[in-house]
Amino acid sequence: MGEVERLPASRRPRPAGKRVERYRPTGEVVVGGLPLPAADEAGLGVLHADLDAFYASVEVLKDPSLKGRPLLVGGTGSRGVVSSASYEARVHGCRNAMPMAQARRLCPAAVAVPPDFDSYRGYSKRVMALFQSVTPLVEPLALDEAFLDVRGARRLLGGALRIARLLRARARDETGLTLTIGVAGNKFLAKLASTRGKPDGLFVVPPSRSLEFLHPLPAEALWGVGPATIAQLARYGLRTVGQVASTPREVLERLLGPAVGTQLAELSWARDDREVMPFEAAKSVGSEETFASDVDDPDQVAREVLRCAVRVGRRLREAGLAGRTITLKLRFADFRTITRSRTLPAKSDNDTELYAVARELLDRLRLGRVPIRLVGVSVSNLAGEGEPVQLKLADDGAAWAAAERAADRVRDRFGDAALDRASLTADRPEEAFEEARDAPRPRRERLAEPDER
């Protein structure tokens, strides 16, 4: 019997898509049990905090009638993908990144809803602010997860275990969301611990017991190990982390290459010296649109490019950023993907300018009626609001910039659908104008009677 088979059933990795009968919160788990030796208390300083089924949980907070029901968040069209699945749906085998159609077949009773990213960003900001109230050393990885270095907060708030308990309680009380936290001595083990602690758990890996926890796990638990690496390791009988650890570094480097071999040799002995980085500036801001069915109409493709450019412009302005490099992305019906880029002489967050460049890149391709599956626009080479601005001679974009910021304020107050460009309000741009022209005008009551004298 192999080491994986000797693990308790709750600790064995579950294959993706495998049905389980039920789920339950993991609760608090400390490898080796309590109490912790003083040296282990001192060595615990890194937390990986991860909100459970984040998008689905927010949808339940918005609509309490969804509580306890299998819920799928993602694209609801024929090509939609699951962005988040509630644990009630996961017991049927539904998983994130699974095609929505497959998830609906696995769980016909599931409720499918489209994502509401404005709400998710709002809740994420509240949770990240909670983390920041404990330590300034917070490294966000996504809207729903972050690393925290709490070593500097232990004198004020207590040990890492106590801080983790505090964060979980405050997250539940202040936002209604459940938070799983992995506690360890480094980022690799903390991330691994939070994965093993889901859902709604607190999983602690004391430094002196890290190998006891790590070595029985399957080799795919190592960070950066993909299917090709797993197959290569399995070819030589290396199926657990312990077996990888017992293999000389030189052999791993020969099998997998110097970079991957060295990395696995270090991680298999629980060594990870990466620091928690409090902030990493965004490298790009983008938006993509996948069509429900392939589109070969050049005008429709151009309108979707405009739609993406408008989204990107607004996201840039919300973040106080602007960029110089505009990239157009196209994915064809055969999944072949191409990108084309152009760098401006000065940074921009202007929808009209972003679209003009993206449209020029699109026109240069001269695609004709080629079926397109996906379009996207992104802006990189970013700079913040405090960066110097290159002045432009005969700059006539000030009026557009003012109009776009006014439109942002309208959407912030009344929703994204309150205001849009006319060319995006119908399948054919002229339809929007025809509808507005032909709509009946309400009769206006006179505010005052005319002077009869």
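How many helices and strands does the secondary structure of the chain come to? The count is 18 helices and 13 strands, where helices (H or I, at least four residues) and strands (E, at least two) are DSSP runs numbered from the N terminus. This is a predicted model, in which local features need pLDDT of at least 70 and side-chain atom pairs count only at pLDDT 80 or more, while totals for chains, interfaces and linings use all residues. Residues are numbered from 1 along each chain as its sequence is written, and side-chain values use heavy atoms, with hydrogens and water left out.

Of the chain's 453 residues, 41% count as buried; buried means under 20% relative accessible area, exposed means over 50%, and partly exposed is in between (1.4 Å probe, protein chains only). Take the contacts (heavy atoms within 4.5 Å) between residues at least 6 apart in sequence: 67% of them join residues at least 24 apart.

**Aromatic rings**

Let's turn to the rings. A pair of aromatic rings is described by the distance of the centres and the angle of the planes. Rings of Phe, Tyr and Trp (its six-membered ring) pair if their centres lie within 6.5 Å, and planes under 30 degrees apart count as stacked, over 60 as edge-to-face and the rest as tilted. The structure holds six such aromatic pairs. In one of them, the rings of Tyr55 and Phe117 sit with centres 5.7 Å apart and planes at 90 degrees, so the pair is edge-to-face. Tyr55 belongs to helix α3 (residues 54-62) and Phe117 to helix α6 (residues 117-132), so this pair ties together parts 62 residues apart in sequence. Tyr55 is buried, at 16% relative accessible area, whereas Phe117 is partly exposed at 35%.

Tyr55 also pairs with Tyr120: the ring centres are 4.2 Å apart and the planes are at 5 degrees, so the pair is stacked. Again α3 meets α6, with Tyr55 in the one and Tyr120 in the other, so parts 65 residues apart in sequence are tied together. Tyr120 is buried, with a relative accessible area of 0%. Ring pairs join Phe54, Tyr55, Phe117 and Tyr120 into a cluster.

| Charged residue | Ring | Distance to ring centre |
|---|---|---|
| Arg90 | Tyr87 | 4.4 Å |
| Arg274 | Trp223 | 5.1 Å |

In soluble globular proteins, nonpolar side chains tend to be buried together. A nonpolar core is a set of buried Ala, Val, Leu, Ile, Met, Phe, Trp, Tyr and Cys residues joined through side-chain atoms within 4.5 Å. The largest one has 41 residues, and Leu47, Phe131, Leu167, Ile181 and Val183 touch the most other members. Leaving out residues up to four places away in sequence, Leu47 touches residues including Phe147, Leu148, Ile163, Leu167, Ile181 and Val183.

Helix α14 (residues 258-267) has Gly261, Leu264, Ala265 and Leu267 as its buried residues. They pack against α9 (187-197), α10 (210-214), α11 (227-235), α12 (241-245) and α13 (249-256).

Thr180 lies in strand β8 (residues 179-184) and is buried, with a relative accessible area of 0%. Its side chain makes a polar contact of 2.8 Å with the side chain of Asp52; a polar contact is a pair of N or O atoms within 3.5 Å, and within protein one must be able to donate a hydrogen and the other to accept it, while residues adjacent in sequence count only if both atoms are side-chain atoms. The Thr180 side chain also reaches the backbone nitrogen of Gly201 at 3.2 Å.

Val31 is in the loop between β1 (27-30) and α2 (38-43), and counts as buried at 9% relative accessibility. The C-alpha atoms of Val31 and Arg209 are separated by 6.8 Å, with the two residues 178 apart along the chain. Beyond residues up to four places away in sequence, Val31 touches Phe203, Val204, Val205, Pro206, Arg209, Glu212 and Phe213.

Key:
Lys NZ or Arg CZ within 6 Å of the ring centre and 35° of its normal.
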